[in-house]
Structures are given as structure tokens and as C-alpha cells.
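Student: I have a structure to look at before class. Could we go through it together?
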Protein chains: 2
Amino acid sequence: MLELPPAEQHVPNPIHATVRNRILAALPAEEFKLIAGKLHRVELALGQSLHRAGEPIEQVFFVDSGFISALTMLSDGAPLEIGLIGAEGVAGVSVLLGATNSYSETMCQTAGGAYRITTAELKEVVAQAPHLRDLLLRYTHVFHVQVAQTAACNAHHELGQRLARWLLAAHDRSGVAELSLTQDLIAVMLGVRRSTVSIAAGTLQKAGVIRYQHGRITILDRVGLENAACECYEAVASEYRSLFGEHPFESPSAVAPLA
Amino acid sequence: MLELPPAEQHVPNPIHATVRNRILAALPAEEFKLIAGKLHRVELALGQSLHRAGEPIEQVFFVDSGFISALTMLSDGAPLEIGLIGAEGVAGVSVLLGATNSYSETMCQTAGGAYRITTAELKEVVAQAPHLRDLLLRYTHVFHVQVAQTAACNAHHELGQRLARWLLAAHDRSGVAELSLTQDLIAVMLGVRRSTVSIAAGTLQKAGVIRYQHGRITILDRVGLENAACECYEAVASEYRSLFGEHPFESPSAVAPLA
DNA sequence: TATGAAGTGTGCGATGGCGCACACATCCTT
DNA sequence: AAGGATGTGTGCGCCATCGCACACTTCATA
């Protein structure tokens, strides 16, 4: 395992200091320099697709704000979310494992920004940047754990728990307590009917944990939400912590250096 | 992407010719030589655990015959299968992504054999063996796709389809039409009640697709089983083919060289 | 400030799978 | 050949979620 020095001690590049993506922020300055010129800032709008299922992965996205869903498209046309990607991660990393095409659809759930790099350029940089490579592979692993936990969760846990888990994950990744999310959208992500979400959300609302207002959902009681969620939230967060340090989703400046 | 020469043209090592594990078999002779001395043949008994959830991954297993389940352990004690590993793969590869502990339990479902190597030795070899590294990363990706598809499948597909899918996967990995599998065991894997499996299996049996005989299940009509299964089987198999060539589960000697 | 669009709450019959229980069949052992 | 252990089929009430439908509320905009 590589020992990464605290990123904060090596930031001559002014852009580096403003990057919120955890992986980029954690890079030592010399590696950031290698990649910085190849990154293009892009704004992500709600509903925008970054990768289409089955199509080549031409760009990789270091998410900086907002978050992205990875969705498996079933043949009956129903999409189903398998994982969330926020500023802690990257959409399209599977190119580093040798994939050329995307097995999932990645699309923006909450508008934000990202740094885009071409697949070819990323591979070039990675060949010269062992810290970056190590961070990306670790992220790949954590994402895999998230997906695996989702598989178990989908089979075993009731919607109320799954909804709470999903809201926690969304809250972590967006960083704000008020999210622009319709029940319709959440229903698609969780693969259930919208009216079923309505009932589950109503229960959380009556318990004073969240408030729903026409496309905006506000998290009132984070702890209450954690209690309402299944273990799956914590299982994934803890795997993240064990590979990336103690504060997976806080702003990079507040984060302990990676171990 | 590395261009791998056909393994068959480079087999001075007599052991190499007998290896059924697809990854080892696909290695060029010089790389096989690097790893061969560090591999220890082990027999795997039904129910044997290779890795415990949460515990360090000390050994990595190149499965040679039989197959392994990767299971997520939920806090209520219920295990749930997230993926199958046969001679096409390896149990414990996540060490190459930087994981130190196993997030899943891996255990033997059908007795067989494997080649074991310590994590430390594998990492050493991989540093000098680019083909091996490439193959292992590609396998990691394909396994990830399997898990992702399982997440969607668990949420959307009915047990009859899931059972058929699972039997196909087991059939592929074991290579034999008669499997020693109780309904009890399958029920645990799929996360449902045993009696629910009994009903679904009864339907397949009435359709003449399988036969059940006290812990032995015989696949009578492979095509019928494929028709009864959901798309998820084919989705995973096709991802495998796109990364490893046309014949994922046949014996290595019948397999086209990797592209 | 009226109107429509978007989003949310609710109702009702249907159904897949749960939880539990038990009978029956097959195999192994003695 | 008898008896126990293991494995399979079935029944019944229950519940979460489905599928569909509709009313109500909030917001944006003309």
C-alpha cells in the first residue's frame, strides 16, 4: 500500500486548492500537475447521461459536486440504480480494469460539476502516477462493495429502510440538507412504484425525520434517518473509511490525510 | 490492452497443461513460471470458507474445479449470494485493488480444487507479470458486472427466473449436468425460503427442464433453462465474452486466445 | 389571479413471497 | 429390513409491494 502524504502540504497549483473531488484533492502536487492540464471542467445538468449502457467509455469524470447514479438497464426498459457516485469518486473507472464499454448507464441525479478526461489520457497519466492509480483502484473497490451491498439490500430490506439508506447516501454526496428530488425519481432509482415511495416517505415525514415539499426533500434529523436505515449504509461507509480514512464525505480540507 | 499470445503455444511446464483455471491457463509460459512455484494445490470441500467477511485476505485462490459463492453477510445473520466464482476466476482478487480485508464471505458450493497463493506473493508476482495483472483486473471487472446485475435481478425478477439463472451459472462453472445441490442451499444463496425454491423448482421440473432427486439436480434441457432465466444470465456471460473471448466456460484447450 | 403542469397522498384488489407447520419421499446406516 | 436422517412437496394465513386509478396540493407562468 502506498503511503500518501497529506495533500494539503503540497498545493502550489491554485486550481488544486479549489478541487472538491476527493481523489484529485488527495493527490500529491507532482501527480496533480501531471493530470491537471488534461482535465476539463464540465457542468452536469440533472438527467444528463455521462455514459450509455453498452457504449464505449470515452471520457472519465471526476465528480466535483452534485452526484451521479450508476444504473443497470433491464431489458424491459426499467433502469435500476446500483450505486451512487459523488465527489468521493469517479464515473467510468472501469476502463482501468480493462473495460472498453460501459455496462451501466451513468447519469446525473443532482446538478453539479465534474472534471472530465479522456480515457486514453487517463491511462497515460495513471501509468506515471502511482498514487493516482492506487487511489482509483481503491475507489473501484469501494464502489464494488457499494454495489454488492445493494444486491443484498434489494433482496432483503424493506423499502422504508432502503429509502432512508438512499437519502443518507444522497445527503453525504450532495453535502446539503435540502435535495431536489421527486418521489418519482427516487422510485426509479429504487426500482419501486412511486406511490410506494410516497408511503415510505410519509412515514419518515410523520416521524419528523424529513420534510417533503413538491420536489424538495429536506433532511431534518440525520440521526433519525440513520436509525431508520438498514445496516447497508453503514457497511459501505465503513468500507470507505477503512480504505480512505475517517471522513469520507466531508469537504477535503476537513479530511485527514489518507493512510 | 495487452495482446496475449495463445497459451497453447508456450507450455513447457507440464503442470501448466493440466491447469483448468482459465486465468492461469491463459498465461504465457514465462509468466506462468513466475507464479507456478508459489501456487499450492488445495482441495475444497463443500461448505468450506475461503475468506471470512471482515477478516484479512491472506490467501488468494485460483479456482480450478467446483465453484465458490461470494456472500454478503447481513446483520440479521442471513447470508446472501452476490456472485459465483468458478474456474474462470479467482477468489480474493480485491487485494489487487488495495483491499486488505474481505467484505464478503467466500465459500465452496461444489467441492473441487484450487491453487492458493499468499496475498503478498501474488502482489510480488503481479508486479512482474503484466499479462497476469491484466487478466486479473479484467476478471475483477467481470465479477463486478456479475454483482451489479445481481443487484438489479434481486430487485426485479421473480424467483423462477432467478433460479434458472443461478442454475445456468452453476452449470457453466461446474461443467457437469448433475449437481449436488439441495433446495435448502439454493434458498440461502437466493435469499428466499426453501419452500419457495421447491415451488419454483417444481415448475421447472414439470416443464421437463430439470430433475430433482434428493440433493441432486440434473439439467435436462439447457435451452429450456435459458428460456426460463432472466436476461441477467446472458448479460453477465456477454460481458465475460467481450473481455475474455468467446467461450467463457469451456475447457481452456477449446478456447480461442484472448484478444 | 387563474390555469395548467408537476408533484404527492390515498384507495383497492391482486400477487409473490414470508413464516410456520407438517406429511411424504429418498437415502444411508445398522 | 427397519429406522433415522436428510431432503422435498404442500397448505394456510399474512404482508409488502404491485398495478392502476384518482383526487389533492403546490408551484410556475400567462
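This is a predicted model: local features need pLDDT of at least 70, side-chain atom pairs count only at pLDDT 80 or more; totals for chains, interfaces and linings use all residues.

Student: Let us start with the DNA. Which residues come nearest to DNA strand C?
Tutor: There are 20 residues around DNA strand C, and those that come nearest are T182(A), Q183(A), S195(A), L159(B) and T196(B).

Student: Which elements supply at least two residues of that surface near DNA strand C?
Tutor: In chain A they are α7 (183-190) and α8 (194-206), and in chain B α8 (194-206). The largest share comes from α8(A), with 6 residues.

Student: And how does the surface near DNA strand C divide by class?
Tutor: It has 12 polar, 5 nonpolar and 3 charged residues.

Student: You mentioned S195(A). Where is its place, and is it buried or exposed?
Tutor: S195(A) sits in helix α8 of chain A. It counts as exposed because it has 10 C-beta neighbours inside 10 Å, and a residue is exposed if that number is 12 or fewer.

Student: How far apart are S195(A) and Q183(A)?
Tutor: In sequence they are 12 residues apart, while in space their C-alpha atoms are 8.2 Å apart.

Student: Now the other strand. Which residues come nearest to DNA strand D?
Tutor: Of the 20 residues around DNA strand D, the nearest are L159(A), V192(A), T196(A), Q183(B) and S195(B). Two or more residues of this surface come from each of α8 of chain A, α7 (183-190) of chain B and α8 of chain B.

Student: Which of these gives the most to the surface near DNA strand D?
Tutor: That is α8(B), with 6 residues. By class, the surface near DNA strand D has 3 charged, 5 nonpolar and 12 polar residues.

Student: Let us stay with α8(B). What should its 13 residues span?
Tutor: At 1.5 Å a residue they should span 18 Å, and this agrees with the end C-alpha atoms, which are 18 Å apart.

Student: Which residues of α8(B) are buried?
Tutor: They are V197(B), A200(B), A201(B) and L204(B). Seen down the axis of α8(B), these buried residues fall within an arc of 100 degrees, so they line one face of the helix.

Student: Why would residues three or four places apart point the same way?
Tutor: An α-helix has 3.6 residues a turn, so residues at that spacing point the same way.

Student: What covers the buried residues of α8(B), and which exposed residues are on the face turned away?
Tutor: The cover includes α6 (159-174), α7, β8 (210-212) and α9 (222-228), which belong to chain B. The face turned away from the buried side carries the exposed residues S195(B) and K206(B). After the helix comes G208(B), with a positive phi near 75 degrees.

Student: A new topic: how do β10 and β11 of chain A pair?
Tutor: Strand β10 (residues 210-213) and strand β11 (residues 216-219) of chain A are antiparallel, with 4 bridges. One bridge joins Q213(A) to R216(A), the latter in β11(A). The two strands form a hairpin with 2 residues between them, and H214(A) in the turn has a positive phi of about 50 degrees.

Student: Finally, how many residues does the contact take from chain A and from chain B?
Tutor: It takes 33 residues from chain A and 33 residues from chain B. On the side of chain B that touches chain A, β4 (79-85), α5 (130-156) and α10 (231-244) each give two or more residues. The most come from α5(B), with 16 residues. By class, that side of chain B has 16 nonpolar, 13 polar and 4 charged residues.

Conventions. Residues are numbered from 1 along each chain as its sequence is written. Chains are lettered from A and ligands numbered from 1 in the order in which they are written. A residue is near a molecule or strand if its C-beta atom, placed from the backbone, lies within 6 Å of it. Ala, Val, Leu, Ile, Met, Phe, Trp, Tyr, Cys and Pro count as nonpolar, Asp, Glu, Lys and Arg as charged, and the others, Gly among them, as polar. Two strands pair if DSSP finds at least two bridges between them. Two residues are in contact if their C-beta atoms, placed from the backbone, lie within 7 Å. The expected span of a helix is 1.5 Å times one less than its number of residues. A residue is buried if 20 or more other C-beta atoms lie within 10 Å of its own, exposed if 12 or fewer, and partly exposed in between; C-beta atoms are placed from the backbone. The arc is that of the directions from the helix axis to the C-beta atoms.
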